[in-house]
Amino acid sequence: MKKRLAFLVFLSFVSVVLSGCGGGTGTPSAAASSGSGGSNNSSLAPNAVSLTVDAGPNSNDHNVAFISIKVCAHSSTINCQTIDHILVDTGSTGLRLLADAMSPSVNSALSQAKLNNSSLVECMQFLDGFSWGPLKKADITIGNYTVSNMTIQIIGDSSFSSIPTRCSNTGASDNTTANFGAKGILGISNTRQDCGSTCAQSSNSTLYYQCSNATTCQPTTVTVDSQLQQPISLFSQDNNGSLIQLPALTANVGTNVQGSLIFGIGTQSNNSVGSNASILYVHPSTSTLTAQLQNSTYSFAFIDSGSTDWIFDDNGLMPTCSTGFYCPSSSQTLTTIFTDIHATSSTFNFSIANASEAFNDNPIATAFDNIGAPARDSQSGNLPHTTFIAGLPFFYGRSVWTAIEDAPTPSGTGPYVAFQ
Amino acid sequence: MLQKSILALSLLICSSVFASLGDDESSIQKDNTRLGGTHIKKQVQQQLFSVHELQSDNGATIKEYVSPQGKVFAVTWKGPLMPDLNQLLGQYFQPYVDTLKADGKRHHGVVHVEQPNFVVHSSGRLRAFSGLAYLPQALPQGVKIEDLQ
């Protein structure tokens, strides 16, 4: 985003101050077991948490990677809760928890984030709907890292049950675990804030609201440092990005697949960008690449752990099923070229199988590396975006690094994605 | 302060424009008032339809396509935040939301709702949304979806 540099200086300063007085802000604790972000086990490195691709809290999902986190009221050891099924999303920024997945006593013990004595509430906009809820302050533990007083969003919190029309007019509501498909989302994208300068400059941004009471809310500007932040960027170390590792699937399917979310890039022996890795610098404001596939160019391409499938149009070459997925009569191998903003390219292959057969043949499987669906951009005119999404299927059998904007790493300064 | 003055001035000058899908062209006035935006381009006459290009107050560029009979048959949007889809889709907004709710599958990365009487296509993500909605039965003769750009 624009005008990032000045803010970055400020953020670094805050981070130093907090770690200097907080006694362990974001500092990995040697006592791994007592940190209990929820998902540590003895085989994990200190800077890693375990990822699980299971059927999710609603027992109906595929290709969603979850971790557990621990949320505590600031400085409390009593008002704490470990929450499982937090979706790991390299396509958004910020930690958000679903109120209905939280203990009411823990939720009510969290302090409300304020702006001019009014409560800050967010209308987070995902493509398929909005998530409304207040910003609160909490001590968040992810693996061995604790960030003190992190700003998080509590989606569907009943204390702000009156949703402004400007918010509900953006789509369907995603305010319950049942609708959201997760008990929370850990947004660890390339960007430091969810909104950035747009929401700092325009009071009509319709993402952030200030509420003088439970039912009276107005859109407001929010400075970038008061917006939701990329949680890893708040760690006192290993804070320049992340590495996701998921094992290759056997015969394209898996059940309750386990992998790792590793913090930092090139900061420890286990998170260096590999010598054979492709490093692609994403667009500074949209975090996108371009992709080429079968002579088509996709201007809005990205690698996204929060998308469940391969999403792209194939010019009608493969049939789709009634479920909307591609259902070719035999598995198709496709070659894609990603190109970054410096014209660096990387080529990879993937396959698309008949999704209906895959689901029917593997009723308890939760991981599929060959499921795709059309973006239908081509059926919808010359939209500004022609979409190619390498969703979680891309991550199986790979290491995928996501470097935060303006964050230095031994391989270069973010924002970039790297994979091998 | 200077920014605020400029914004106020532009709102005064262009105090109204934007319409709902399926509405008469005259409702474009109503739309702009609701979205709090500015009408940054006057109607551009083309052979088969005309286009109103508008700017919403939350930064989206919106185009409304009007048939020779004066009916809004398509809208497109592009911006860092979602525009007011209720205002843009009008009577089709609730059926759109109902269809989204009925489709349990999430995390797809694109939204495509296709009903016999309306189509909504939405893509992108926060900071870079775009979309298009149209009425297949109201496309003026000779107009293809690809023409809406």
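User: Before we start, what are the ground rules for the numbering and the values?

Analyst: Residues count from 1 along each chain as its sequence is written, and chains are lettered from A in the order in which they are written. The model is predicted, so local features need pLDDT of at least 70, side-chain atom pairs count only at pLDDT 80 or more, and totals for chains, interfaces and linings use all residues, while side-chain values use heavy atoms, leaving out hydrogens and water.

User: Why is Gln193(A) called buried?

Analyst: Buried means under 20% relative accessible area, exposed is over 50%, and partly exposed is in between, using a 1.4 Å probe and protein chains only. Gln193(A) comes in at 0%, so it counts as buried. You'll find Gln193(A) in the loop between β11 (184-188) and α6 (197-201) of chain A; helices here are DSSP runs of H or I with at least four residues, and strands are E runs of at least two, numbered from the N terminus.

User: What makes Gln193(A) and Gln229(A) a polar contact?

Analyst: You need a pair of N or O atoms within 3.5 Å; within protein, one must be able to donate a hydrogen and the other to accept it, and residues adjacent in sequence count only if both atoms are side-chain atoms. The side chains of Gln193(A) and Gln229(A) are joined at 3.2 Å, so the pair qualifies.

User: And Pro57(A), what is that one called, and why?

Analyst: Partly exposed, because its relative accessibility is 26%. Pro57(A) is in the loop between β1 (48-53) and β2 (65-72) of chain A. Leaving out residues up to four places away in sequence, Pro57(A) touches several residues, including Phe66(A), His85(A) and Lys183(A); touching means heavy atoms within 4.5 Å.

User: How do you know that Asp57(B) and Arg166(A) form a salt bridge?

Analyst: The rule asks for a side-chain nitrogen of Lys or Arg within 4 Å of a carboxyl oxygen of Asp or Glu. The closest N and O atoms of Asp57(B) and Arg166(A) are 3.0 Å apart, so they pass. The count between chain A and chain B is 1 salt bridge.

User: How much area is buried between the two chains?

Analyst: About 4200 Å², with carbon and sulfur atoms giving 53%. That is the accessible area (1.4 Å probe) that two parts lose on being put together, summed over both. Leu127(A), Arg166(A) and Asn169(A) supply 17% of what chain A buries against chain B, more than any other three residues. The contact takes 60 residues from chain A and 42 residues from chain B.
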